[in-house]
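Hi everyone, thanks for coming along. Let me put the structure up on the screen, and then we can walk through it together.

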There are 2 protein chains.
Amino acid sequence: MRIRPATPADADALWRILEPVIRAGETYPLPRDLSREDALAYWLSPAHEVHVALYEDGDREAMVGTYYLKANNAGGGAHVANCGYMVAQDAAGRGVAQAMCTHSLTRARARGFRAVQFNFVITSNERAVRLWQHMGFSVVGRLPGAFEHPTKGYVDALVMFRNV
Amino acid sequence: MRIRPATPADADALWRILEPVIRAGETYPLPRDLSREDALAYWLSPAHEVHVALYEDGDREAMVGTYYLKANNAGGGAHVANCGYMVAQDAAGRGVAQAMCTHSLTRARARGFRAVQFNFVITSNERAVRLWQHMGFSVVGRLPGAFEHPTKGYVDALVMFRNV
């Protein structure tokens, strides 16, 4: 797997990853009907440092994931980063999220952040909760019923945190 | 005390409240050198419902506080609101924050929100922590060292939550 900064030429491949995640509405608090234009404007916003993960598949490279890194707050909160990760539907279970998380922690450290905070890890996304704990994140908060899951109803979301 | 929606004509009075809070850098994770223009653009952003609190002082009304109310997230998180409150320096201790909080909870309920979440209550702001607890908010998260206070160094921030 190779991870490199996103470029404007990645828009189509990024949208192929973002669209099913947004339409499913199970893991991010984003409008399920978000347009391609608004989704890409959000993911590629100027405040986001965006990377893409590429997997060599024969003689071509397929984009299997993407993440953003940004300051979670400004001013006295600017030393804590925030990241979001999305993995291509057909690439689940290949360690893509873990590789991107490792990469993002290195990037956060390089940029002088002291910690990374996830603001909204939905408890029904059990694979993510387990992975972030495996990656050294602690649950520092639990938001009761803060996410309305399309099939499970109101579920809790977690705030997770680790120093870098 | 009277609380009403903010209007564009309130800009000068709003800035007199915002400026000392932002310059002090002790209670909000905002850049201490934020310009008047950027501060007002943030506080009066289209996503914010903004109110101002007025106190009758002889034959004139003085603005003693302001708050915003917004959805804390979109999509499956859009049923939880977020608010921010600022009180004029010379109006501390008069119940302005409490009156605005009560007003904001009523507004949140009227708009169909199910809960209000404060994402970043700085622990050194003891008066605020006590007031929000008095107003029925629970501490649901603690962000270790997430705020760099200008004189106290790194202090924790709290996530607080209550149903409405």
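Some housekeeping to begin with. This is a predicted model, where local features need pLDDT of at least 70 and side-chain atom pairs count only at pLDDT 80 or more, while totals for chains, interfaces and linings use all residues. Residues are numbered from 1 along each chain as its sequence is written, chains are lettered from A and ligands numbered from 1 in the order in which they are written, and side-chain values use heavy atoms, leaving out hydrogens and water.

So, how are the two chains related?

Now to chain B, and helices H1 (residues 11–24) and H2 (residues 36–43), whose axes come within 10 Å and cross at roughly 105°. Helices here are DSSP runs of H or I with at least four residues, strands are E runs of at least two, and both are numbered from the N terminus. Axes are lines fitted to C-alpha atoms, for helices over the stretch in contact, with angles from 0 to 180 degrees between N-to-C directions. H1(B) is therefore roughly perpendicular to H2(B), given that angles under 35 degrees count as roughly parallel, over 145 as roughly antiparallel, 65 to 115 as roughly perpendicular and the rest as oblique. Among the residues in contact are B:Trp15 and B:Leu18 of H1(B), and B:Leu40 and B:Trp43 of H2(B).

Over in chain A, H3 (residues 96–110) and H4 (residues 126–134) have axes that come within 11 Å and cross at roughly 40°, which makes the pair oblique. Here A:Ala97, A:Gln98 and A:Cys101 in H3(A) meet A:Leu131, A:Trp132 and A:His134 in H4(A).Finally, the aromatics: 22 pairs over all chains, with ring centres of Phe, Tyr or Trp (six-membered ring) within 6.5 Å, planes under 30 degrees stacked, over 60 edge-to-face, the rest tilted. A:Tyr85 and A:Trp132 are tilted, at 4.9 Å and 40°.

Note on methods: Contact = heavy atoms within 4.5 Å.
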